[in-house]
Amino acid sequence: MRKILSYIQRYKKEAVLGPLFKMLEALFELFIPLVVADIIDVGIKNGDSSYILARCGVMVALGVIGLVCSITAQYFSAKAAVGLATDLRRDLFAHIGGLSYTSTDRFGTATLLSRATTDVNQVQTATNMVLRLFLRSPFIVFGAMIMAFTVSPSAALTFVVTIPLLAVVVFGVMLISIPMFRRVHAHLDRVLGHTRENLSGARVVRAFVREEQSIADFTKTNAQLTRIQRFTGRFSALLNPITYVIINLSILVIIWRGGIQVNAGSLTQGGVVALYNYMSQILVELIKMANFIILITKAVASGTRINAVFNTEAGLEKGVNTACGDKTLAVEFKNVSLSYHAGADTVLEDISFSCRPGETIGIIGGTGAGKSSLVSLIPRLYDVTDGAVFVGGRDVRDFSNVHELRARIGIVPQKAELFAGTVRDNLRFGNEAATDDECRAALKAAQALSFVEEKEGGLDFLIEQGARNLSGGQKQRLTIARALVRRPEILILDDSASALDYATDAALRAALQALPYHPTTFIVSQRTASLSHADRIVVLDDGRAVGIGTHEELLKSCPVYREIHESQFGREEVVQHD
């Protein structure tokens, strides 16, 4: 929480002025019961209408001044709270963007979304309430007790007993509620996870007629959340009735003892009303404080979850004087092994190969063989567990800035992701300084220029969120163009032509080979036809490299590659190669 609280230091002026004006409001509020007492003891007792009107004017003036102070305090408190949330959300988003795939995989997308939105909003609301009530409510409570002693010290002893008793109840409920709200947030993450999965996979759910099962799974998770929320809510709800009981019993004692003192002549009727008003003020403030404490417990739970993200290191550690690679090679893998996190199964094991600048390397293997994981090591989306990956003779962990490494690489992910905006905006995501001519050149190489020009507006064609107004093949070609527009030294195509027909795929491969800057290209594919032109093909099977060579060499020497090729072209075509 210390890191989150440090954000308020950027709004010191607002954080001071907000509570200060609230204290002024509270100060004027404490004088009102005394004015009421004067109206009863002097004005009403003597039938003095002018005195009553004068004192009512004083009450109105106190109320107006208090209102102005309250509005001013609210302005400064809201400004500080919104500013804190803005800065916190921005830094949290930036930190999440800097995390490695390993770290983000550990949290999960649904959890990170919840922490960047719901939890930050919870902290914002709590900050606003803290600046408004943290000093005001205690000031009213203890101020009312002090003012009660000025009215009647003996009757005010009730306040001395009531306030500590209420404090025990309020803080006891708070201490028990905090872990409960943490459990609520954990269950909320599960509900968000189910919701996100079902919404993003709606087509799959319908295609396999799993609607009822999906609804049942969601209902079960939602019921668990409902159950723990009810239990937590019921426990937290005890705070208000218990507080009301204690306060009302105290009011009864005050009226009883005050009545005795009025009969004895040691206390006026206005004094009894003033004591009642002061106890009522304490009641109102403690109810506010009770709700405030519940809000704080939620905010503490949210702050802990946010802090857990901030405390997570990027997961990309700098190399420690590792050996240098061959500077004549574009990329070199030396005895590379990978596990996603400590204690997990090995995804890649003892893989070694290299490629020279301008060469094309194909990566092929069955589902789950580790193809995407292998190419993800080049831009350091994951870090190796053992061994090393070299780019231009330098260990990727020895680059002073990961952006320096990734600026040399163009990567097309397995899942085509485009952003809401124009085609031009999406292409310039790869290179902000790209001209329209450079964008068209990249589109032409990616076999996307023809369909973009057919769209209304061409480069200004507006892509909807999630690229809903584009086909799968169009999305893939645009993501390829986005990678090409930066003219990368290393181009990684992670199964990025799976939605293209064979003719378009062949035209794309020919265009990539004809690029004037000759990038070193890594192509991950399930099609042997897409890799047959590669200088070398790496065949993966269960995380191991079981074959490295050209298309013809692997057909003769690698059973795994031969089996994949036969499944696509039949045994007769393979025999012809023999």
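# Briefing: a predicted chain of helices and strands

Among contacts in the chain between residues at least 6 apart in sequence, 75% join residues at least 24 apart. Do keep in mind as you read that this is a predicted model.

**Overall dimensions and burial**

- The radius of gyration of the chain is 35 Å, whereas a compact globule of 578 residues would have one near 25 Å.

# Briefing: a predicted chain of helices and strands

Among contacts in the chain between residues at least 6 apart in sequence, 75% join residues at least 24 apart. Do keep in mind as you read that this is a predicted model.

**Overall dimensions and burial**

- The radius of gyration of the chain is 35 Å, whereas a compact globule of 578 residues would have one near 25 Å.
- Of the 578 residues in the chain, 46% are buried.

**Helix α5 against helix α11**

- Helix α5 covers residues 109-133 and helix α11 covers residues 269-310. Their axes come within 8 Å and cross at roughly 140 degrees.
- The two helices, α5 and α11, are therefore oblique to each other.
- The crossing in which α5 passes α11 is left-handed.
- In the contact of α5 with α11, the residues divide into 15 nonpolar, five polar and five charged.

**Helix α5 against helix α7**

- Helix α5 also meets helix α7, which runs over residues 157-200. The axes of this pair come within 9 Å, and they cross at roughly 120 degrees.
- That angle makes α5 oblique to α7.
- The handedness of the α5 and α7 crossing is right-handed.
- On the α5 side, the contact is made by Thr109, Ala110, Thr111, Ser114, Arg115 and Asp119. On the α7 side, the residues are His185, Asp189, Leu192, Gly193 and Arg196.
- By class, the residues of the contact of α5 with α7 divide into two nonpolar, five polar and four charged.

**Positive phi without glycine**

- Most residues other than glycine have a negative phi.
- Asp350 is not a glycine, yet its phi is positive, at about 50 degrees. Asp350 sits in strand β2, residues 346-355.
- With a relative accessibility of 44%, Asp350 counts as partly exposed.
- Gln447 is also not a glycine, and its phi is positive at about 60 degrees. Gln447 belongs to the loop between α15 (436-445) and α16 (449-454).
- The relative accessible area of Gln447 is 23%, and Gln447 is partly exposed.

**Residues in helices**

- Val60 is part of helix α3, which covers residues 49-98. The relative accessible area of Val60 is 54%, and Val60 is exposed, because that value is over the 50% cut-off.
- From Val60 to Ile32 there are 28 residues in sequence, and their C-alpha atoms are 9.6 Å apart in space.
- Leu165 belongs to helix α7. At a relative accessible area of 44%, Leu165 is partly exposed.
- Leu165 and Gly466 are 301 residues apart along the chain, and 57 Å separates their C-alpha atoms.

**Residues in a strand and a loop**

- Glu332 is in strand β1, residues 331-339. Its relative accessibility is 12%, and Glu332 counts as buried, because buried means under 20%.
- Glu332 and Arg356 are 24 residues apart in sequence, with 8.8 Å in space between their C-alpha atoms.
- Ala534 is in the loop between β10 (520-524) and β11 (536-541). With 7% relative accessibility, Ala534 counts as buried.
- Setting aside neighbours within four places in sequence, Ala534 is in contact with Thr360, Ile361 and Gly362.
- Between Ala534 and Lys220 there is a separation of 314 residues in sequence and 51 Å in space, C-alpha to C-alpha.

Note on methods: Residues numbered from 1 in each chain as written. Predicted model: local features only at pLDDT ≥ 70, side-chain atom pairs only at ≥ 80, totals over all residues. Heavy atoms only, no water. Axes fitted to C-alpha atoms, helices over the stretch in contact; angles between N-to-C directions. Helix = DSSP H or I, 4+ residues; strand = E, 2+ residues; numbered from the N terminus. Parallel < 35°, antiparallel > 145°, perpendicular 65-115°, else oblique. Left-handed = near helix turned anticlockwise from the far one by under 90°. Nonpolar A, V, L, I, M, F, W, Y, C, P; charged D, E, K, R; others polar. Rg over C-alpha atoms; globule rule 2.2 N^0.38 Å. Buried < 20%, exposed > 50% of the residue type's maximum accessible area, 1.4 Å probe, protein only. Contact = heavy atoms within 4.5 Å.
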